[in-house]
There are 2 protein chains.
Amino acid sequence: MRTVEWDYTQNKVNLIDQRLLPGELRILSLNNYFEVAAAIKEMVVRGAPAIGATAAFGMAIAAHQSDARNTKEFQSDLKEASEILGSTRPTAVNLVWAINKINLILLNADLTVEELRIAVLEEAQRIADEDVIINRRMAEFGAKLIDDGDTIIHHCNTGALAAVDWGTALGVIRMAHSQGKKIHVLVGETRPRLQGARLTAWELEQYSIPYDIITDSAAGYFLQSKEVNKVIFGADRVAANGDIANKIGTYPLAVTSCENGVPTYAVVPFSTIDFSIYSGWDIPIEERDPEEVLDLKFRSMPIAPERATARNPAFDVTPNKYITAIVTESGVIYPPFSENLKHAFRENSIG
Amino acid sequence: MRTVEWDYTQNKVNLIDQRLLPGELRILSLNNYFEVAAAIKEMVVRGAPAIGATAAFGMAIAAHQSDARNTKEFQSDLKEASEILGSTRPTAVNLVWAINKINLILLNADLTVEELRIAVLEEAQRIADEDVIINRRMAEFGAKLIDDGDTIIHHCNTGALAAVDWGTALGVIRMAHSQGKKIHVLVGETRPRLQGARLTAWELEQYSIPYDIITDSAAGYFLQSKEVNKVIFGADRVAANGDIANKIGTYPLAVTSCENGVPTYAVVPFSTIDFSIYSGWDIPIEERDPEEVLDLKFRSMPIAPERATARNPAFDVTPNKYITAIVTESGVIYPPFSENLKHAFRENSIG
């Protein structure tokens, strides 16, 4: 199945509970948009494209359950849903992007409530379907950057679980592997929530791609030892100048890979690029519950004193100078990113 | 008590079992030099200065238990012990340094077995006692680099637990705090074995120094946000040119701190400097059991697929260009390190 799907028999949203992987593959059925909002907030589902599609289906469930008697009431109900869904996580821009796409549908004031209900679900389904196509296209463009025999450091999870299917950076690896290229992946475990060790390792096993898990701070050692040929990751939001907000740890990884002359790629659909902000410093960075850092056991023992405190920023900003190229659905974009991203986006919108 | 001590009533080595902290403070009593070797290997005791003192006491226990009938047999017994103790961990040079100091005592061939036995224990005790004096001296020199109001990133554990007492980098922080400077420490958790979260946080609580634990890869975020004024760590071995082998993660941390113009200090006794090798690339780097990376539970769930594999280098090398200054027992050494370290060492040996 896909990471997130609309259940047409019950008009609900089904998704894989990513908190339980790799131990258990459980499908959660979400009954209303509050449950969808909670699932995004609690990281039952995560990854910028997957969050976008999930929020769109959240709007569809709100549309389905609204008992509005006229279009105006319906628009008001969905405005409420869009505010609740839109405030779940601040950094990934796909969330707002997807909700805005749904809101555009709602502006068709001459449609009846029932017609709008159908149009909203159709748009949500289109967002999900297009995500799969876009990810596949990025995978094909990106795979050309990968050489036979490459050892690749990958950060966080950017696979099928982070999107509707295929994924971004991991999609590239999967595509290169399927083309017969011999690849070894060093999987950054991605503290605090260990999406690398838990999810990326699990996905790589499904695709039979060889890997080793490493602690995030071991990346420097492997870059230094010249064992690594490429570094690749996704993004939660990209500024117009190509600065990249991504999972915490991306920035020191990119700085260190640049320092060692290792090509460093971000794989990013246009839905993740926020052309409304010029630089990465304007991207809001979510700081999450310290418990995510502290609730860990090493060899069954707690890892910190009982009353320990922690700080837990979920993302960092990698300035564009550390990025070799950005892989999008319209091709591989090289610096200067300010000009070339905008240009590629325009061409893609026309084409 | 000290991290490691000779038990004069039972002629054994007592040490704090650092694997159980912060949950439990248990003293282990080691009965023979094989147990001492195992304790070093299994990281019951860790930290370059502490490993040195422990190995010296390991030689003392071998000396105490040898049933040699003459000096030659005694030397042969202790040669065996020195080989077993010396091969426990490859990176920290204090291990070999301390064993070599004991072996120098053994060259006094005109002493009786009983006299040698006493001389070995005296030398081991001297190594331990001097370690405390040296660490205190480094703390005093280093504290001058710390300003009132500083926020400091600290990596791994370099406190009393990593030495006989006081510690290296954490000794500097403790001294600055005791001088009334207001300090906040961001404690890098230090995956895989979490010496930061487990040991440094625990020590900071003993000293009432405010701190927050951060994941290792969050350091970049805090350096970027200009919240951090200093970065400080110890070392397991320093080459003659000032390249520093230290706990895995030190290298990307130092690269990122330099990139942000944040002063980056290593606190290192001369016993950790290996003047026999010119550059850090000649320092052997230990790769430990992958299980240290994989045997982790987040919210009581395993963090990796059942058959996952991992790579686990325990140290990395930070080239000298990323180090602002090295704090030693004879003062703060600035670049060029090749000349200045040698000069300071000579002055210290004479003085």
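How many bridges join strand 12 of chain A to strand 12 of chain B, and do these strands run parallel or antiparallel?

## Strand pairing across the interface

In this predicted model, strand 12 of chain A and strand 12 (residues 296-298) of chain B run antiparallel and are joined by three bridges. Within this pairing, A:Phe298 has B:Leu296, in strand 12 of chain B, as its bridge partner.

## Extent of the contact

Chain A gives 63 residues to the contact, and chain B gives 63 residues. The area buried between chain A and chain B is about 5,300 Å², with 58% of it on carbon and sulfur atoms. On the side of chain A, the residues that lose the most area to chain B are A:Phe298, A:Arg299 and A:Arg311, which together account for 13% of what that side buries.

## Polar and charged links

The interface of chain A and chain B holds 10 salt bridges. A:Arg311 forms a salt bridge with B:Glu227, in which the closest N and O atoms lie 3.3 Å apart.

## Composition of the chain A side

Elements of chain A that give two or more residues to the side touching chain B include helix 7 (195-206), helix 8 (219-224), helix 9 (250-259) and helix 10 (291-294). Strands also contribute in this way, among them strand 6 (211-214), strand 12 (296-298), strand 13 (301-302) and strand 14 (315-318).

By class, this side of chain A has 35 nonpolar, 20 charged and eight polar residues.

Definitions and conventions: Residues numbered from 1 in each chain as written. Chains lettered and ligands numbered in written order. Predicted model: local features only at pLDDT ≥ 70, side-chain atom pairs only at ≥ 80, totals over all residues. Heavy atoms only, no water. Contact = heavy atoms within 4.5 Å. Buried area = accessible area lost by both parts, 1.4 Å probe. Salt bridge = Lys/Arg side-chain N within 4 Å of Asp/Glu carboxyl O. Helix = DSSP H or I, 4+ residues; strand = E, 2+ residues; numbered from the N terminus. Nonpolar A, V, L, I, M, F, W, Y, C, P; charged D, E, K, R; others polar. Pairing = 2+ DSSP bridges.
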